[in-house]
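Me: I have a model open and would like to go through some of its elements with you. Can you take my questions as they come?

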Amino acid sequence: MKNFPEGITFKYPWRKYQQHFLDGLEDNLSDHHLHVVAPPGSGKTVLGLEIMLRLDEPTLIVAPTLAIRDQWISRFYELFLQTDQKVDWISKDFKNPKKITVTTYQGIHAACNHQKEANNDEEVTADDFQTPYNAKAIKEVLQELKKQKVKTFILDEAHHLKKAWWSSLMELKNGISPTIVALTATPPFEVSGLEWQKYIQLNGEVDVEISVPELMLEGDLCPHQDFVYFTLPTEQEQKTVEDHYQRAENMILEISNDSALLDAILSHPIYQNPQKNLDWIYDNISSYSSGLIYLKYKGIEIPKIHFEILDDDQNLVPEITIFWWEELLDFYLFVDTLHFQNFQEHRTNLENRLRHNGFIENKFVNFYNTKNLNQIFNQSLGKLDAINKISEFEFSTLGEDLRMLILTDFIRKEFLVSEKTNELVIDKIGAIPIFENLRRQNSQQRRIGVLTGSIVILPKVSLAQFLVICERKNIEKIQYSTLAFDENYVLIQQNESIRYEIVQMITEIFESGGIHILIGTKSLLGEGWDAPKINSLVLASFISSYVLSNQMRGRAIRVDKSNPNKASNVWHLVCFDPNHSEGGSDYINIKKRFKTFVGISNTNDPVIENKYDRLGFKEIVTTNQISEMNNQTMVLAKNRKDILNRWKIALSKGKILIEEIQIPFNEDKDFKTIKSKFLGKTLGNLSLTLFSTFFMFLGNFASTIIKSWNRINDPRSFTIFTTLFGIAGFLTFGGKFYRAFRQFLKYKNIAKNVQKYGEVVLKTAINERLINTPYQKLQIISENDDNGNSVCYLSGGNRYENSQFISLLQETLSPVDNPRYLIKENKSFFGRDKTTYFAIPEIFAKNKRSAEFFRKIWNNEVSNCQLIYTRTIEGRQILLKERFKTLMNKHKHIEHLNKWTR
């Protein structure tokens with residue numbers, strides 16, 4: 001007997017990838033799990049509803065927010081039932097399930113704990129609920145679901161399911177054994193291995209993956225480009241920043257002349273008798289190193305025993321930097337309280353001074369990366385001016401066609417006053433401050449609206465349209481009032497019963513052009529909300545996580561069926577810190593954000609990849625560059641046709657999105673220059689070596705000839721001279737040839753070595769069942785790019801397997817930190833031995849059996865090696881030396897990359 005009535009069908013034709021997906025549905029559901037990864041705009045909701053109908057079982061649909069919950073119901077009515085008439089077999093009450101029950105994760109968790117569900121969307125967007133589930137409540141919930149014979153769970157935005165919400169769903173899953181359909185645009189790849197395993201335990205392995213470039217090829221996402229708009233701190237903010245830096249410099253100068261600190265460090269047992277304190281040194285290598293660096297700075301001669309412990313033949317101790325001052329003070333104040341007891345009063349006074357100046361957070365000393373300083377840049381008021389300039393620019397380009405969305409983190413209700421004039425000084429960023437700043441500078445007469453969970457503001461010219469929609473939806477007694485300080489705007493009063501309808505109505509007005517610029521919070525409009533006409537998105541948000549960044553961008557890249565030429569601009573705001581060596585926290589965060597999504601490059605020969613570098617900007621050296629870069633950005637952003645053309649060119653270059661690892665060329669000079677240099681030296685020294693060898697044999701040859709020359713008085717002296725000259729030349733140039741040839745091979749074979757290491761990782765991962773695809777179907781691709789970086793990726797596995805391979809390879813090749821096991825590799829080249837150590841990834845080092853398997857594969861694939869257990873005295877000594885090298889040397893980071901390729 002069918003559970004759902006006859007005749008329910010999707011009213012549109014299926015897209016190609018959707019039809020292909022549905023054709024293989026039976027195979028993918030063979031294990032009663034279906035895990036789909038697809039970007040926003042790919043139609044995951046309609047696929048979920050179609051799967052529900054094909055399974056034909058009573059279904060529980062779970063969403064992260066109330067708005068998305070209601071969206072599932074409205075989509076079902078609109079696209080499948082094709083009616084506005086409500087049916088009695090759809091329920092939003094989890095405690096009263098029907099054939100289709102739609103609820104939120106927080107609602108389920110609350111029911112499983114006899115708690116009340118929150119009714120505010122902006123409070124129900126993250127897995128923040130840590131209350132353990134209640135066994136009695138779980139039993140009651142299961143009884144109701146079994147009574148309704150629920151056998152299908154659809155989990156929307158499944159990336160939320162890692163912690164407490166995961167626990168509640170797992171209890172329900174274990175009690176019912178349903179078919180699980182998990183849908184997400186952003187799997188939580190950045191979580192720990194344990195959290196990922198829990199995520200997979202609930203949702204199953206990823207079955208279907210659809211990338212942004214694939215959807216672009218299908219025409220299901222619109223062309224788009226990310227743009228970064230740079231600002232500088234305001235004058236007042238700059239004064240605060242400069243004062244902070246000056247206080248930091250003064251504090252460091254004061255500390256550097258502090259004789260009590262020097263006495264304390266000198267008196268510590270690790271410097272008095274390091275051999276008797278090796279265990280402490282092993283566990284606190286960074287503190288130990290900071291003391292050595294400080295002692296060198298103070299002109300104290302460091303005994304040789306320290307360099308013997310560290311295996312540092314060069315006696316190389318770097319200059320003291322801010323990082324090492326922070327490490328030293330952490331050591332003195334927090335790491336070791338036992339051995340500094342005689343300096344307790346001095347330590348307390350120093351800590352109080354540092355804390356008073358804001359240089360201590362959570363028992364860590366931090367001079368230039370403090371929470372307060374970062375907040376100045378993240379929430380700089382200069383960004384308000386940037387938002388206004390961007391909106392003016394976009395309106396001048398698109399005019400009445402502009403549909404700009406501005407997403408921010410906070411509402412800031414306090415900036416909405418009841419006086420006739422709003423003269424509040426805007427000193428914070430939020431939805432209302434952004435609205436107020438745009439309103440005050442609105443010479444272009446842009447129509448501006450605000451949509452949050454608690455405040456809705458509408459241009460008065462659009463009020464009539466709003467009331468018509470209310471009448472159409474049978475919403476009566478809607479209350480609104482004119483803004484006290486501006487009669488051109490109205491404040492819409494809302495309540496819980498019509499919250500979702502309000503969102504729909506304001507969205508409809510925005511889409512129709514009644515609002516040019518809509519300002520909202522990321523929690524309400526950043527996930528699940530749909531407005532395909534958006535063609536400009538400003539991210540006035542301070543987040544950098546993979547999930548949220550991708551979700552917010554997804555609002556702007558949907559196709560607009562009424563505008564086939566739509567192209568969207570996505571704007572990121574950065575406040576640059578000219579005093580910071582890396583541009584400050586805001587600049588660092590934007591680079592992190594760009595690692596989380598792919599897009600087209602701004603190069604002449606465009607490619608599709610992630611990374612900030614794809615924008616083509618050089619590193620900022622002077623503040624004068626900022627205005628030049630913003631002008632350059634505006635030129636690119638104005639030409640939306642060019643964005644479309646570059647997408648076409650870039651898409652033609654590939655057919656699959658791969659995840660790869662990039663091992664950087666770790667030299668300061670250009671790779672091509674260095675490689676050519678050593679090739680030239682190799683050939684040159686080889687020629688001179690051969691020439692010298694010729695002289696060595698020339699002596700004997702010349703001697704025979706010269707003996708017949710009666711005019712030569714002493715042929716023997718000539719023979720000796722040529723032989724000695726040849727030997728000297730051979731030794732000199734032969735040595736140079738050896739060194740140059742060795743360097744040439746080093747730069748020539750980097751990618752080949754990476755491939756060998758990749759084979760070790762892959763075979764061990766298969767042995768540990770982290771990768772289940774058969775080895776014969778997998779291929780490791782490794783090559784050098786034009787800049788000397790080695791890139792490597794796994795082909796043939798699913799998305800998770802490819803990502804796992806990259807993570808494990810990165811752990812193997814990264815500088816040694818604190819692994820349980822090390823690989824000791826000895827190589828000999830022309831009689832010279834070199835020892836190198838590699839970390840065995842943590843997941844392979846859980847027991848000796850796994851570590852031994854890794855060593856065995858290394859022997860077969862790379863070279864002979866030894867397994868070193870670092871928890872023994874000998875192993876800890878080796879680990880200490882390697883960690884010291886890591887601390888002393890600056891290494892470029894090994895990076896994850898995504899690239900569209902063939």
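Me: Which residues of strand 1 lie on one side and which on the other, and are they buried or exposed?

Reply: This is a predicted model, in which local features need pLDDT of at least 70 and side-chain atom pairs count only at pLDDT 80 or more, while totals for chains, interfaces and linings use all residues. Residues are numbered from 1 along each chain as its sequence is written, and side-chain values use heavy atoms, with hydrogens and water left out. In strand 1, H33, H35 and V37 lie on one side and L34 and V36 on the other, and all are buried, where buried means under 20% relative accessible area, exposed over 50% and partly exposed in between, with a 1.4 Å probe and protein chains only. Strand 1 covers residues 33–37, and strands (E, at least two residues) and helices (H or I, at least four) are DSSP runs numbered from the N terminus.

Me: What does strand 1 pair with?

Reply: Strand 1 pairs in the parallel sense with strand 6 (residues 179–184) over 5 bridges, and L34 stands opposite V181 there. Strand 1 also runs parallel to strand 7 (residues 208–209), joined by 2 bridges, with V37 opposite E209. Two strands count as paired if DSSP finds at least two bridges between them.

Me: Switching to the sheet with 9 strands, what is the order?

Reply: The order in this open sheet is 8-18-17-11-16-12-13-15-14, with mixed pairing. Its edge strands, each pairing on one side only, are strand 8 (224–231) and strand 14 (480–483). Neighbouring strands are turned by 25° against each other on average, direction ignored.

Me: Which helix packs on it?

Reply: Helix 19 (residues 382–398) packs on the sheet and touches strands 8, 11, 16, 17 and 18, and its direction makes about 160° with that of strand 18. Contact here means heavy atoms within 4.5 Å, and axes are lines fitted to C-alpha atoms, for helices over the stretch in contact, with angles running from 0 to 180 degrees between N-to-C directions.

Me: And how do helix 19 and helix 20 pack?

Reply: Helix 19 and helix 20 (residues 431–440) pack at an angle of about 55°, with their axes 10 Å apart. The two are therefore oblique to each other, since angles under 35 degrees count as roughly parallel, over 145 as roughly antiparallel, 65 to 115 as roughly perpendicular and the rest as oblique. In this contact L384, D385, I387, N388 and S391 of helix 19 meet P433, I434, N437 and L438 of helix 20.

Me: Where is T521, and is it buried or exposed?

Reply: T521 sits in strand 16 and is buried, with a relative accessible area of 1%. T521 and A431 are 90 residues apart in sequence, yet their C-alpha atoms are 6.8 Å apart in space.

Me: Last one, why is helix 14 described as largely enclosed?

Reply: Helix 14 is largely enclosed by the rest of the structure because 11 of its 13 residues are buried. Among the elements covering those buried residues are helix 11 (259–267), helix 16 (322–335) and helix 33 (873–888).

Me: What about its span?

Reply: The 13 residues of helix 14 (residues 285–297) should span 18 Å, and the end C-alpha atoms are 18 Å apart, which agrees; the expected span is 1.5 Å times one less than the number of residues. After helix 14 comes G299, whose phi is positive, near 80°.
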